[in-house]
Amino acid sequence: MGIDFQPDRPIYQQLIDRLAGEIIREKRKPGDKLPSVREYAVETGVNANTIQRVYREMEQMEIVQSKRGQGTFVTENRDRLHELREQMKQTYIEYFVKDMSDLGFTISEMTEGLAEHEAKKGEKE
Amino acid sequence: MIEAHQITKRFLTTKAIEGIDLRIDPGKIYGIIGENGSGKSTLLKLLSGLLHPSKGSITINGEPVTRQSASTIAYMTDFDRFYPYFKVSELVSFYESQFVDFNKNKAEDILDFLAIDHEQKLKHLSKGNLGRVKLAVTVAREAPFLLLDEPLSGLDPMVRESIVKGIIQFVDFDRQSLVITTHEIRDIEPLLDEVIIIHEGKKLDQQRVDDIRMKEQLDVEGWLKRRTR
C-alpha cells in the first residue's frame, strides 16, 4: 500500500523527511514545482489534511515556497538547501546513535564500526 | 457537525452500544475501530439515522437525526443489495433519481478512476469491482457526511489501495466529513485524522493519529492492541 510508514512517528514528519530527502539528492531541484496537495495525497495514499500540514511546515522551514494561485515550489535559496543537508545529516546521526545506544553500543564502538564497514565496502569494490 | 450524547442501543436484552458521547466535526476523517461484534457498525447506523437509540440523543447541525437525515448523510453498508440485473450505468441513474445531491458526472469520473466498465451488469462484477462501484455511488453524493461501513472488508490489497485512493481523490474535504468503520487498520490509517476505539459497546478512547504516534510511539494497530488488552 503506497508507502510503508514507520509506526512510531507521525506520518506528516515522515513525509517531510521523504520530500526533504528528495530535495537534497536533487530528485526535486531548486525551483521545481511540487505536486498539488490532492495529487500528492493520492500518490502517497495519505489524507489531504496531512499533506497540507506537510507543505505548511516545509514552508515554515523555508525549504519550499508557495506562490499564490500557482502552487508550491522548492526554494531557490541554495544556502538554505545546504543548511537542510546538514540538518538531515544531524537528524539521521541522532536516529543512528539512539538506536545503537539503546542496543548498548558506545560511541567509540560506533565510530570503529563505521570505519570497519567502510573498509569492507572498499574491499568488495 | 454530528453530535451524540450518551447514546445507548439495546436489542431485546443485549446492549449493543452503551453511553457513548461523540462529535464528528466538518472536514475531518474519523476511523471507528474495534473487534468484530464490538458495536462499531451499530454505532455507524445510529449516526446515520438508520437505527434509533434506546437512550440518548443524536443531532446533525443541531437537528435530531431521523431516517430523513439521509439527505445530509451518505451511508455505505457492508451488504451488497443492489439489483443484480442492473448495469453499472443503470445503477448510477437509479441513484440520481433517489438522491438530489447525487452528482452523476462525479460518479462517472470515479468509476473511470477505478477502471470500471459502465456497461457491465452488477451480477457479473467481481467482489472487488462491486466494492469499487459501491464506493463510487456513495462518494458521488455531495452530502456533508459520508459514513462508510467496512469499505475494505474482504477485498484484496490492490482493490483496497484503489478504494483508499478513490476516497482521497474524490471526497471534498473542504465540505465533507468522513466516518469509516474498519478492521483493516493498516490500510486506512494514513487516511485518518482521528480514531475512536469501540470496545464491548463502549467508547474506550478517541485520539488524533498524529498524537498516538507522537506520544505513544505506536501506530494505530499497536495502540488498539494496548488499549484493549
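## About the model

Residues are numbered from 1 along each chain as its sequence is written, and chains are lettered from A, with ligands numbered from 1, in the order in which they are written. Because the model is predicted, local features need pLDDT of at least 70 and side-chain atom pairs count only at pLDDT 80 or more, while totals for chains, interfaces and linings use all residues; side-chain values use heavy atoms, with hydrogens and water left out.

## Aromatic rings

Let's start with the rings. Rings of Phe, Tyr and Trp (its six-membered ring) pair if their centres lie within 6.5 Å; planes under 30 degrees apart count as stacked, over 60 as edge-to-face and the rest as tilted. Over all chains, this rule gives ten aromatic pairs. Why is the pair of A:Tyr40 and A:Tyr55 stacked? Their ring centres are 6.4 Å apart and their planes are at 25°, so the pair counts as stacked. A:Tyr40 belongs to helix H2 (residues 37-44) of chain A and A:Tyr55 to helix H3 (residues 48-60) of chain A, so the pair ties together parts 15 residues apart in sequence. Helices here are DSSP runs (H or I, at least four residues), as are strands (E, at least two), numbered from the N terminus. A:Tyr40 is buried at 0% relative accessibility, and A:Tyr55 is buried at 5%. For these labels, buried means under 20% relative accessible area, exposed over 50% and partly exposed in between (1.4 Å probe, protein chains only).

In chain B, B:Tyr83 and B:Phe86 make an edge-to-face pair, with 5.2 Å centre to centre and 85° between the planes. B:Tyr83 is partly exposed, at 48% relative accessible area. Ring pairs also link residues into a cluster, among them B:Tyr83, B:Phe86, B:Tyr95 and B:Phe99. A charge can sit over a ring too (NZ of Lys or CZ of Arg within 6 Å of the ring centre and within 35 degrees of the ring normal). The charged end of B:Arg141 does this over the ring of B:Phe99, 3.9 Å from its centre, and that of A:Arg53 over the ring of A:Tyr12, 3.7 Å from its centre.

## Two pockets

On a 1 Å grid over the protein atoms alone, a pocket is an open set of points where a 1.4 Å probe fits, with protein on both sides within 12 Å along at least five of seven lines; lining residues have an atom within 4 Å of a point. A volume is the space filled by probe spheres set on the points, which are joined across faces, edges and corners.

The largest pocket holds about 570 Å³ of space. Its lining has 23 residues, and B:Tyr75, B:Thr77, B:Arg81, B:Tyr95 and B:Phe99 lie nearest the centre. Strand E6 (73-76), helix H2 (88-98) and helix H4 (127-139) of chain B each give at least two residues to this lining. About 460 Å³ lies in the second largest pocket, where H1(A) supplies the largest share of the lining, five residues.

## Single residues

Which residue has a positive phi of about 50° although it is not a glycine? That is B:Glu150, found in the loop between strand E7 (145-149) and helix H5 (157-170) of chain B. B:Glu150 is buried, at 7% relative accessible area. B:Gln6 also has a positive phi, near 45°, but this residue is in strand E1 (residues 2-11) of chain B and is partly exposed, at 44%.
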